[in-house]
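Please look over the model shown here with its packing in mind.

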Amino acid sequence: MINKQIDSVHEAVADIKDGATVMIGGFGEAGSPIELIHALIDQGAKDLTVVNNNTGSGHVGLAALIENKRVAKMICSFPKSANSFVFPELYTAGKIELELVPQGTLAERIRAGGAGVPAFFTATSVGTPLAEGKEVRNFNGRDYVMEMGLTADFALIKSLKADRHGNLIYNKTARNFAPIMAMAASTTIVQTKEYVEAGAIDPEVVVTPGIFVNRIVTVADPVHESALVAAGESYP
């Protein structure tokens, strides 16, 4: 009988190794799996390449993972946003690498990676520094830049509800990058607010099918990044 439930967040991330590429869901606070990220800090893996929309806020969640020197490279769209202090300081000091990707291109690179598409062409970065060193082709009189699909060793994502098979639904826009990250990672780890038995989720509303999910851990009362930042919290 398929059962992807894991007892704890620490057990869920125990096999993430040094040097791994990890996709982390979230659009700022929305959809950010903070408990899984904090468990990864406790676990100790380092030299990680992390794919996310931004670089975290304050000194918790993704920002704390970066602050604890576990991340060697960020692939993201917004390296500096409100309450983002850790990454800008480390980047300015030359202590962390950045691959800057326009947001739509980032989403499509992840989607392509999950669909088995190695590369695609987009006009987004034509004529900008982001196109330097990349192949450019002209289609119907317009230049397009080739972008590579993105895959990862692990994805850490957050759902509203999950069943025993790994079928997922999300809380409104908190889904953001999670469905495509689940497709693009070799191992997808989900923290869910609610765990239900198979058949309890209407198949017509499932967003991420269980075939893309490997582990589920229940975090019934997740913390909120904005509350932690407002309180001046840090991790660990």
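A residue is called buried under 20% relative accessible area, exposed over 50%, and partly exposed in between, with a 1.4 Å probe and protein chains only. This is a predicted model, in which local features need pLDDT of at least 70 and side-chain atom pairs count only at pLDDT 80 or more, while totals for chains, interfaces and linings use all residues. Residues are numbered from 1 along each chain as its sequence is written, and side-chain values use heavy atoms, with hydrogens and water left out.

**Aromatic residues**
- Phe-121 is partly exposed because its relative accessibility is 27%, and Phe-139, at 35%, also counts as partly exposed.
- Rings of Phe, Tyr and Trp (its six-membered ring) pair if their centres lie within 6.5 Å, with planes under 30 degrees apart counted as stacked, over 60 as edge-to-face and the rest as tilted; the count by this rule is three aromatic pairs.
- Phe-121 and Phe-139 make an edge-to-face pair, 5.4 Å centre to centre with 70° between the planes.
- Phe-121 belongs to strand E5 (residues 119-122) and Phe-139 to strand E6 (residues 136-139), so this pair ties together parts 18 residues apart in sequence; strands are DSSP runs of E with at least two residues, numbered from the N terminus.
- Phe-139 also pairs edge-to-face with Tyr-144, at 5.7 Å centre to centre and 70° between the planes, and Phe-121, Phe-139 and Tyr-144 form one aromatic cluster.

Terms used:
Helix = DSSP H or I, 4+ residues; strand = E, 2+ residues; numbered from the N terminus.
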